[in-house]
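Please consult the sequence and the structure while reading.

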Amino acid sequence: MSDINAHIAEAQAADTGGQGTVKDYFALLKPRVMSLVIFTAFVGIIAAPGTLHPWLAFVALLAIAVGAGAAGALNMWYDADIDAVMKRTSKRPVPAGSITPSEALGFGMVLAAGSVLVLGLLVNVLAGALLAFTIFFYIVVYTMWLKRLTPQNIVIGGAAGAFPPMVGWVAVTGSIDLGSIALFLIIFTWTPPHFWALALWKKINADYSNAGVPMLPVVAGPDETRRQILLYTLLLVPVTLLPALTGTVGWLYLVANIGLGVMFIWHAWRVYRIREGQEAEIACKKLFGFSTVWLFIVFALILVERALGLPLFAPVL
C-alpha cells in the first residue's frame, strides 16, 4: 500500500498540466494489446455454448476492450518511472510528458469503473466481476507486485492476457466451465515463449537491467531463457488440444493444430540450439513472428469452424 501511495504522491507532484492529444490518450490504451484482447474475447463469445443477442455481444466486446485499455493506462501510470529509463518505452505519453501521471491515473480509473459497470449491469454480473478481476490482476498482481519482484513475472502475469476469451465466454453462458478454461490456458502457456523470444531478439536486457526489472533473460541469462522457451513450447502443444476434449472444436482445429504445434516446436528448437551470431538473432525473430501468427490462426480456426457449421467433438471432460 505504501508503494501505491508513493506513486499517487509522485503523480500529484508531477501534475503540471499535460498537453495530451487524442493520439496520446489513445496510446495510453495500448492499442496493439487491445486488438488482441478484442479478437480473443470475440472468439470466446462465438465459441461459448448458447447465444447472446448481437447488441449485447457488441456491448460485451466493447466493455472488454475498454477494460483492457483501462488496464493499459493504469499500467503506464504506475510504470512511468521505469518506462522513463527504458529506450523502448521512454516515448510513451507519461514519461514523454504529454500526459501527466495523475491524468493517466484518472483516465484509467474512469475507464475501468465504466467498463465493469456496463458489462455487469447490461450483460451479466459474473462477466463484470471477471473483467474487474482481470484489471485488478494486471495492475496490482502483475504491474505493482510481480513485475519488479520475480523473473517469473511474465509467466504468472500472463494470466491477465489470457482472461479475455474467458470473459467473453462468461458473457454468453454466465458461468466459468472447462471450455473457457481451455481457451485461457492456451494464451497463458503461449505468453512466456512469445515474450521471451521478443526479449532475446530485441536484446532488451540492458533496458530491464537499468530499470531494475528482473526479467528472466536478465536474471538467468539467454541460455536458460532459451531452455525455458523450449520447455513452455513443449507444454503448449498439448494444451492447445484441450478444446477438443471439452467439445469446443472439431477435426479442422485438431488436425491444423497438430501441424502448427510441430512448426512451433521446430522454431523453439532452433532458438535453443542456435545461440551465437546473427543466425541466433534471426531464429528468435522468426519464433516471435511465428508465435504471433500462430495465436491468431489457432483462435481463427474456431471462428472458421463455427462459420462453416462443422461438427464439434463430443466433450470428454
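A residue is called buried when its relative accessible area is under 20%, exposed when that area is over 50%, and partly exposed in between, using a 1.4 Å probe and protein chains only. By this criterion L61, with a relative accessible area of 19%, is buried. This is a predicted model, in which local features need pLDDT of at least 70 and side-chain atom pairs count only at pLDDT 80 or more, whereas totals for chains, interfaces and linings use all residues. Residues are numbered from 1 along each chain as its sequence is written, and side-chain values rest on heavy atoms, with hydrogens and water left out.

**Residue L61**

- L61 belongs to helix α4; helices here are DSSP runs (H or I, at least four residues; strands are E, at least two) numbered from the N terminus.
- Leaving aside residues up to four places away in sequence, L61 touches I38, A41, F42 and I45, where contact means heavy atoms within 4.5 Å.
- Between L61 and T233 there are 172 residues in sequence and 30 Å in space, C-alpha to C-alpha.

**Packing of α4 with α8**

- Two packed helices are described by the angle between their axes and the distance between the axes.
- Helix α4 (residues 54-78) packs with helix α8 (residues 125-145) at an angle of about 20 degrees, and their axes are 10 Å apart; axes are lines fitted to C-alpha atoms, for helices over the stretch in contact, and angles run from 0 to 180 degrees between N-to-C directions.
- α4 and α8 are therefore roughly parallel, given that angles under 35 degrees count as roughly parallel, over 145 as roughly antiparallel, 65 to 115 as roughly perpendicular and the rest as oblique.
- On the α4 side the contact includes A63, I64, G67 and A71, and on the α8 side it includes L131, I135, Y138 and I139.
- The residues of this contact comprise 11 nonpolar, 4 polar and no charged; Ala, Val, Leu, Ile, Met, Phe, Trp, Tyr, Cys and Pro count as nonpolar, Asp, Glu, Lys and Arg as charged, and the others, Gly among them, as polar.

**Packing of α12 with α15**

- The axes of helix α12 (residues 178-202) and α15 come within 9 Å and cross at roughly 155 degrees.
- α12 and α15 are therefore roughly antiparallel to each other.
- Among the residues making the contact are W190, P193 and W196 of α12 and R226, I229, Y232 and T233 of α15.
- By class, the contact of α12 with α15 has 14 nonpolar, 5 polar and 1 charged residues.

**Salt bridges**

- The count comes to 8 salt bridges, each being a side-chain nitrogen of Lys or Arg within 4 Å of a carboxyl oxygen of Asp or Glu.
- K147 pairs with D79 in a salt bridge whose closest N and O atoms are 2.7 Å apart.
- K147 lies in the loop between α8 and α9 (153-157) and D79 in the loop between α4 and α5 (80-83), so the pair ties together parts that are 68 residues apart in sequence.
- Both K147 and D79 are buried.
- R226 and D223 form a salt bridge at 4.0 Å, N to O; both lie in helix α15 (residues 222-240), 3 residues apart, about one turn of the helix.
- R226 is buried at 6% relative accessibility, whereas D223 is partly exposed at 42%.
- R270 forms a salt bridge with E279, with the closest N and O atoms 4.0 Å apart.
- R270 is partly exposed, with a relative accessible area of 22%, and E279 is partly exposed at 47%.
- Salt bridges that share partners join D79, D81, K147 and R148 into one network.
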